Amino acid sequence: MRCPHLPDGFDFTDPDLLQDRVPHPEFALMRQTAPVWWCTQPANISGFGDEGYWVVTRHADVKYVSTHPELFSSNTNTAVIRFNETISRDQIEVQKLIMLNMDPPEHTRVRQIVQRGFTPRAVRSLEQALRARARSIVETAHAAAAGAGADGSFDFVTNIAVELPLQAIAELIGVPQEDRSKIFDWSNKMAAYDDPEYAITEEVGAEAAMEIVAYSMNLAAARKECPAQDIVSQLVAAEGEGNLSSDEFGFFVILLAVAGNETTRNAISHGMHAFLTHPEQWELYKRERPKTTAEEIVRWATPVVSFQRTATQDVELGGQRIKKGERVGLFYSSANNDPEVFDAPEAFDITRDPNPHLGFGGGGPHFCLGKSLAVMEIDLIFNAIADVLPDLRLLEDPRRLRSAWLNGIKQLQVSASAVS
């Protein structure tokens, strides 16, 4: 293996690194010189008590690992590549109840049940309500900006990006709209434990997860007692007949709250930033509204920088011998910029087609169940922005989330008023 020229101690899961930037130059170096590379870590810094993990950076290799669950397990150490040194193994084990961290055949059983809520018909049934909600969200932000003073400034993340994903989840599972702020708060606490600004500990994150489980179990119990025309009733009303138990439903809602809410919110935030720093693309979008836009936003943003798998046996990948039990990091941010797959990957191009990005996963059993819903949300919110706030301006660089595996934006200050 050729030795890449990285600084001593460089770690692609360092939350300080990802708070500053996505390390695209280093990813490019790895793809060229060491596409499967062992990253040494201090003992237990990630919560796993081992000495490091394999960094997988090429599109083809990420796809291979993703589509071979018999060789690379999501369950052994979960899909989260780095917790922190304070987490206990028992806390990691609890997370295996989430579908993201299951392997076949248990994953297959649970996914076959929950995918009832994500059929094309089920997703289309939400479109009219979500279109109206997207328009209302942007109009409310516009009105607030108009009252904010001469510059019309506001935070795009809190005023626009967070709202539609939350409302989509509420619409999908029948959560009252007035409770959406609870889901937002709980999901933030689960995902933001690496960011000192939020002062969130592993314990607080675990408590937030249990709050979601408890809330969801109560919702499931109510639907069992009195079924309604919603996905909750479909998933839980006939337990024992191929449906979810109440606790399984609770852990499914945790997955929605993080994998559905956090990722779509960050895709929308990064998408707006991309448009405002590539004004020719924003003009093109306002003029033509290409259907390829949402997929390029997801490729460009890649809200999940990486997930991991654990080798179930000795296996060779990219010319390297990976031993049974070693962790393997799938770096989607790198795969989505692989020049072997994408022409000019450094360009933000909303007409890119085809666009075989891995922003929804690398295929296989864990390919994102909610892809169609996420694409719909992105399309709806940017159509509304283009109609209501076509002259948005960027006022400041985005403030990034400190995280080991999320490409998150905490704040994006924009102005709704045109330049005078």
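1. Glu 296 and Arg 352 form a salt bridge, with their closest N and O atoms 3.1 Å apart. The term here means a side-chain nitrogen of Lys or Arg within 4 Å of a carboxyl oxygen of Asp or Glu. Glu 296 sits in helix α14 (residues 293–301) and Arg 352 in the loop between α15 (332–335) and α16 (371–388), so the bridge ties together parts that are 56 residues apart in sequence. Helices are DSSP runs (H or I, at least four residues), numbered from the N terminus.

2. A word on the basis. This is a predicted model, in which local features need pLDDT of at least 70 and side-chain atom pairs count only at pLDDT 80 or more, while totals for chains, interfaces and linings use all residues. Residues are numbered from 1 along each chain as its sequence is written, and side-chain values use heavy atoms, leaving out hydrogens and water.

3. Buried means under 20% relative accessible area, exposed over 50%, and partly exposed in between (1.4 Å probe, protein chains only).

4. How many salt bridges are there by this rule? The count is 21. One of the pairs is Arg 133 with Glu 171, at 3.1 Å from N to O. This pair links distant parts of the chain: Arg 133 belongs to helix α6 (residues 120–146), Glu 171 to helix α8 (residues 163–173), and they are 38 residues apart. Arg 133 counts as partly exposed, because its relative accessibility is 25%. Glu 171 also counts as partly exposed, at 28%.

5. Arg 265 pairs with Glu 262 in a salt bridge, again with closest N and O atoms 3.1 Å apart. Both residues lie in helix α12 (residues 246–277), three residues apart, so about one helical turn separates them. Arg 265 and Glu 262 are both buried.

6. Some charged residues join in a network. Salt bridges link Arg 135, Glu 139, Arg 289 and Asp 387.

7. Now the nonpolar side. The largest nonpolar core has 131 residues. Such a core is a set of buried Ala, Val, Leu, Ile, Met, Phe, Trp, Tyr and Cys residues joined through side-chain atoms within 4.5 Å. Helix α12 gives the most to this core, with 15 residues. In soluble globular proteins, nonpolar side chains tend to be buried together.

8. Which residues have the most contacts inside the core? They are Phe 382 and Ile 385. Leaving aside residues up to four places away in sequence, Phe 382 touches Ile 268, Gly 271, Met 272, Phe 275, Trp 282, Tyr 285 and Ile 297. Contact means heavy atoms within 4.5 Å.

Technical notes:
Helices (H or I, at least four residues) and strands (E, at least two) are DSSP runs, numbered from the N terminus.
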